Amino acid sequence: MKKLGISLYPQKASLEQNLTYLENAAKYGFSRLFVALLGAELNREGIRRDYGPILKKAKELGFEVSCDVNGDIIKAVCGEGFFGNFDLTFFNELGVDIIRLDMGMSEMEEAFFIRNKYGIKVELNMSMEIDHVAGVLAMGAPKERVLGCHNYYPHNYTGLSLDYFNRCTALWTKHNLRTAAFISTQSDEQFGPWPVCDGLPTLEMHRNLPITTQLKHYVGLGTIDDVLIGDAFASVEELEALSKVDKHVVSLDVELVDGVEDKIKNLLRMPLSRRPDTNDYIIRSIEGRLFLRKEDIQPFNTVDIKRGDILIENNLYGQYKGEIQVALQDMKNSGRTNVVGHVKEYEVFLIDTIRAGQQFTLNINK
């Protein structure tokens with residue numbers, strides 16, 4: 001994962017509120033700003049007045065700035081272009097790094113647009129199961145300037161399904177192109193560019209999840225480079241929490257059962273790796289037996305196993321003693337397996353993203 005980002009809708013808040021949010025986000029390592037020009041006045045003066053101070057501050061803070069535009073905006077500020085050969089001087093003066101095309105042009109027009117003289121990157125819509133970008137590249141668009149970004153969905157139950165999302169995203173990852181998608185704040189102050197906003201996630205399954213869990217899911221999927229908070233304003237607590245999420249490996253929030261020894265807790269906090277020879281029932285770690293094989297692990301809490309349980313094989317399992325596992329399914333317990341904790345319910349689905357050989361960690365607070 002390359003960058004975390006935020007979104008701003010200048011007409012919906014005061015300049016002071018927008019600048020404060022930018023500064024807070026920068027403080028916690030956010031480095032990409034998404035602004036939608038779709039609700040802007042259709043003239044340069046209005047856009048410069050409403051967006052100019054915000055974009056100027058964003059550049060000072062080191063943000064990469066992307067602007068969402070449609071055909072009306074392009075015509076209003078760039079004039080009538082031929083085959084996408086629009087004059088992007090205005091966007092360059094504003095400090096725009098990426099133009100996200102909310103509307104579609106032909107593949108040839110988009111290729112011309114992307115070859116603009118300022119080197120401004122162009123972001124295309126990823127939420128369609130059509131390999132449109134292959135045609136854009138074939139028409140000569142410089143690959144390093146082509147990005148993809150999924151849509152966000154303010155209406156309950158209209159976000160993408162995971163299966164459809166994966167199929168659409170695969171069309172971009174096969175070209176090794178930079179990708180982006182949205183997550184949604186759970187703040188009571190959330191708002192988007194339109195009157196109705198039930199959150200602004202890309203995936204419907206994310207809509208009511210903790211914002212950190214949404215980010216962890218994208219980390220686990222491993223196909224999205226930039227993750228943007230679609231709605232404003234995320235709370236300072238959320239910004240800080242997102243900054244602490246491991247962007248390289250899946251991290252699971254875990255609640256331990258009472259009575260787990262401190263030495264076991266400390267070992268559960270170490271980075272773990274899933275064995276490459278996978279199965280359908282448990283995630284087997286490589287590290288557990290290396291560190292626990294000489295320990296005395298008496299049978300403890302040998303209850304039947306539930307999906308999401310954290311397991312350690314006890315003395316009765318012979319050569320398997322000390323192996324740390326995560327249950328993928330419900331199973332009977334033979335008495336040789338200690339159930340020492342459970343992945344918190346809202347994150348159990350994340351275990352399905354841990355692939356063969358992949359590293360993962362357990363977040364244990366007590």
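Is Tyr-152 buried or exposed, and at what relative accessibility? In this predicted model, Tyr-152 counts as buried, because its relative accessibility of 11% falls under the 20% cut-off.

The aromatic contacts of the model were examined next. The count comes to ten aromatic pairs. Among them is the pair formed by Phe-90 and Phe-91, whose ring centres lie 6.1 Å apart. The planes of these two rings meet at 70°, so the pair is edge-to-face, the cut-off for this class being over 60 degrees. Both partners are shielded: Phe-90 counts as buried at 1% relative accessibility, and Phe-91 is buried with a relative accessible area of 0%.

A further pair involves Tyr-152 and Phe-182, with ring centres 4.7 Å apart. Because the planes stand at 55°, this pair is classed as tilted. Tyr-152 belongs to the loop between strand S6 (146-149) and helix H7 (162-173), whereas Phe-182 is part of strand S7 (residues 178-183); the pair therefore ties together parts that are 30 residues apart in sequence. Phe-182, at 1% relative accessibility, likewise counts as buried. Tyr-152 and Phe-182 also belong to a cluster, in which ring pairs link them with Phe-34 and Trp-194.

Aromatic rings are also approached by charged groups. The charged end of Arg-115 sits over the ring of Phe-112, at 4.7 Å from the ring centre.

Conventions:
Residues numbered from 1 in each chain as written. Predicted model: local features only at pLDDT ≥ 70, side-chain atom pairs only at ≥ 80, totals over all residues. Heavy atoms only, no water. Phe/Tyr/Trp six-rings, centres within 6.5 Å; stacked < 30°, edge-to-face > 60°. Buried < 20%, exposed > 50% of the residue type's maximum accessible area, 1.4 Å probe, protein only. Helix = DSSP H or I, 4+ residues; strand = E, 2+ residues; numbered from the N terminus. Lys NZ or Arg CZ within 6 Å of the ring centre and 35° of its normal.
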